[in-house]
Amino acid sequence: MLLMNDGRSIPLRNLSRALGGKIDDVYFSDNPNVFTIFGKLNKTVLVLADFMSCVYYYNYKISGKPKFFFKWIVYEIIERVLYRRLKKVIIQTNFEIKHSQRIGLNNTFKLTNYVKRSERLRKPRRKSDIIKVGIIATFDNIYSIQTATLIKLLHQSESSKIELLLAGKGSDKFEGQHGVTVLGVVADLSDFYDAIDVAACISWKGYGFINKLAESISRRCPVVCNLSALNEMEFLKDSPAVMLVNSDLDVLDYDSLTKFIDRNKDLKFLNSANEKIQ
């Protein structure tokens, strides 16, 4: 059995057990050409991938922009043909399952991501008037745009009590911005979580499992997020360990952040949230 994986943290033992067969080979790729290559080798091919049509379908529904409409239609045609050639298509959330059914696929299989139990928890920072809000991501496309928006709002607010800490590939493009500290690519995630008071996990995608949110909870770091970031983690909606916001501006509300951080000092709510996501 050949498993194609686009890089997510999937428990292969659980996958093998769920599919009822041994996984002999793991191939990491999102290149559709490998379907043809391995098909000639009489391999069973499975794919774990984003539904790009799902991405653009969602973006079109919330924005109404024609560019998303055309990309949605093009990718949906491609995926209808491509994914029907596969024995099983492994995806992450109920949202994507519903989308796959909408485009006529009956070979989808849901396997939600998971986060390993962290060996070392975050070391809370010493009390300070400055709140450090952390964002860890690959800063391209949507996350780059979102971060630039947050920085612009931070500058407009003229707040000297909130600082953004950015970690991940591409974060260096924000180097030198007022109120921003760039950590770059961190070798140890603990270096990032130890340096912040709260993690911001704002998702505009509306689909997929947001790994960084689960990782933050696992490290016992309180999380500021929007409802879209809680895909497959809706049980955290009412958790005191999560601060739900409706806009980017809400992420920079100093008074709300202060109360939220103080509420999570004893880790009681974070420990409870962590038990739910393991």
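A pocket is an open set of points on a 1 Å grid over the protein atoms alone, with protein on both sides within 12 Å along at least five of seven lines, and its lining residues have an atom within 4 Å of a point. In this structure, the second largest pocket is lined by 17 residues, and K127, D197, I261, D262 and K265 lie nearest its centre. Keep in mind that this is a predicted model, where local features need pLDDT of at least 70, side-chain atom pairs count only at pLDDT 80 or more, and totals for chains, interfaces and linings use all residues. Residues are numbered from 1 along each chain as its sequence is written, and side-chain values use heavy atoms, with hydrogens and water left out.

**The second largest pocket**
- It holds about 350 Å³ of space, where a volume is the space filled by probe spheres set on grid points joined across faces, edges and corners.
- Helix 9 (residues 254-263) gives the most to this pocket's lining, with four residues; helices here are DSSP runs of H or I with at least four residues, strands are runs of E with at least two, and both are numbered from the N terminus.
- Sorted by class, the lining has six nonpolar, three polar and eight charged residues.
- For those classes, Ala, Val, Leu, Ile, Met, Phe, Trp, Tyr, Cys and Pro count as nonpolar, Asp, Glu, Lys and Arg as charged, and the others, Gly among them, as polar.

**The cavity**
- A cavity is a set of points where a 1.4 Å probe fits but cannot get out, and the count comes to one cavity of 30 Å³ or more.
- The largest cavity has about 50 Å³ of space.
- Its lining is made up of I135, I136, Y143, Q146, L150, A200, C201, I202 and K212.
- Strand 6 (131-136), helix 6 (141-157) and strand 9 (198-201) each give two or more residues to that lining, and helix 6 gives the most, with three.

- Six strands form an open sheet with parallel pairing, in the order 8-7-6-9-10-11; two strands pair if DSSP finds at least two bridges between them.
- Strand 8 (180-184) and strand 11 (242-244) sit at the edges with a single partner strand each, so one side of each has no neighbour in the sheet.
- Strand 6 and strand 7 (residues 162-167) pair over six bridges, and G134 has L165 in strand 7 as its bridge partner.

**Confidence**
- The mean pLDDT (the predictor's confidence in each residue, from 0 to 100) is 79, and 76% of the residues reach 70 or more.
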